[in-house]
Amino acid sequence: MPVFLTSGFFKQLRETDQTFLVRACHGVFKEKSVPPRSDVFIENTYSDHATTIIAGDLLYIFNGSTNDNCQRLTAMDLRSTKHRLPSVVFEPGVQTVEVGPDDWLAEMSMWSVWSHCGLLVSETAADMILLDCKAFCKLACNQSGTIANLLQRVAIFAVAHVEQYGVKPSDLSFDARTWQQIYFRARQVTD
């Protein structure tokens, strides 16, 4: 269950229903390893997994500008350089974020139909855990009472956060404070 403690959302949920998280540990996770300089996921592909990094160094590349004409990149485009990926020069608006152990990506795929908004490339060999969102949803829907209602509201407020605040969609996780606020609002209307 330590993997849950690295997520701002699951830290909040742990205080409400640890039994649900124990059930989730036994049915919604699988491990994945990738070699260095490999695409983990690419922009505009369907995501049915949230990902947390266990070991390794990865780079998330996305269009952080308001211009949606993002240059499409793959690890193959970047392999010719002998430098670390952050030193590669991209078009204006393209941002790079180093991700590593304990970082979560594509968490929005737990709450909505989600397509990746960027490219995740491994700089080193990397190990990660994938949360199967369909299995998570099925487990949540099979819960009775408060937890099922709470998770429905979290989904509504997570999507609303992106829409309401004009957050440029990316596969990066919300910060811990945002998850706290979303969870608090969901608890208020569930209790």
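How many helices and strands are there in the protein? There are six helices and 10 strands. Both are DSSP runs, numbered from the N terminus: helices are H or I with at least four residues, strands are E with at least two.

## Basis of the model

This is a predicted model, in which local features need pLDDT of at least 70 and side-chain atom pairs count only at pLDDT 80 or more, while totals for chains, interfaces and linings use all residues. Residues are numbered from 1 along each chain as its sequence is written, and side-chain values use heavy atoms, with hydrogens and water left out.

## Overall build

The protein has 191 residues, and 45% of them are buried. Buried means under 20% relative accessible area, exposed means over 50%, and partly exposed lies in between (1.4 Å probe, protein chains only). The protein exposes about 10000 Å², with 50% supplied by carbon and sulfur atoms. These areas come from the Shrake-Rupley method with a 1.4 Å probe; for residues, only the protein chains shown count as cover.

A contact means heavy atoms within 4.5 Å.

The largest nonpolar core holds 35 residues. Phe9, Phe10, Leu13, Trp111 and Phe136 have the most contacts inside it. Elements giving two or more residues to this core are α1 (8-16), α2 (18-25), β10 (126-132), α4 (133-141), α5 (146-164) and α6 (176-190). Helix α5 gives the most, with eight residues. A second, separate core has 13 residues, among them Val40, Phe62, Val99 and Leu105. A nonpolar core here is a set of buried Ala, Val, Leu, Ile, Met, Phe, Trp, Tyr and Cys residues joined through side-chain atoms within 4.5 Å.

## Trp111 and Ser115

Trp111 lies in the loop between β7 (104-105) and β8 (114-115). Leaving aside neighbours within four places in sequence, Trp111 touches Phe9, Phe136, Leu151, Val154, Ala155, Ala158, Val159 and Trp179. Trp111 and Val159 are 48 residues apart in sequence, yet 7.3 Å apart in space, C-alpha to C-alpha.

Ser115 is found in strand β8. Ser115 counts as partly exposed, because its relative accessibility is 37%. Not counting residues up to four places away in sequence, Ser115 touches Asn44, Thr45, Tyr46, Ser47 and Asp171. From Ser115 to Glu43 the separation is 72 residues in sequence and 7.4 Å in space, C-alpha to C-alpha.

## Aromatic pairs

The whole structure contains 11 aromatic pairs. Rings of Phe, Tyr and Trp (its six-membered ring) pair if their centres lie within 6.5 Å; planes under 30 degrees apart count as stacked, over 60 as edge-to-face and the rest as tilted. Phe9 and Trp179 form a tilted pair, because their ring planes stand at 55 degrees, with centres 5.4 Å apart. Phe9 is in helix α1 and Trp179 in helix α6, 170 residues apart. Phe9 is buried at 1% relative accessibility, and Trp179 is buried at 1%.

Phe10 and Phe136 make an edge-to-face pair, 5.9 Å centre to centre with 85 degrees between the planes. Phe10 lies in helix α1 and Phe136 in helix α4, so the pair ties together parts 126 residues apart in sequence. Phe10 is buried at 0% relative accessibility; Phe136 is buried at 2%. One aromatic cluster takes in Phe9, Phe10, Trp104, Trp111, Phe136, Phe174, Trp179 and Tyr183.

## Strand pairing

Four strands form an open, antiparallel sheet in the order β1-β10-β4-β7. Strands β1 (29-34) and β7 stand at the edges with a single partner each, so one side of each lacks a neighbour in the sheet. Two strands pair if DSSP finds at least two bridges between them. Two bridges join β4 (residues 49-55) to β7, running antiparallel. Thr51 has Leu105 in β7 as its bridge partner.

Strand β9 (residues 118-122) is largely enclosed by the rest of the structure, because five of its five residues are buried. Gly118, Leu120 and Ser122 lie on one side, Leu119 and Val121 on the other. Strand β2 (residues 39-41) joins β9 through two antiparallel bridges, with Asp39 opposite Val121. Strand β5 (residues 58-63) joins β9 through five antiparallel bridges, with Leu58 opposite Ser122.
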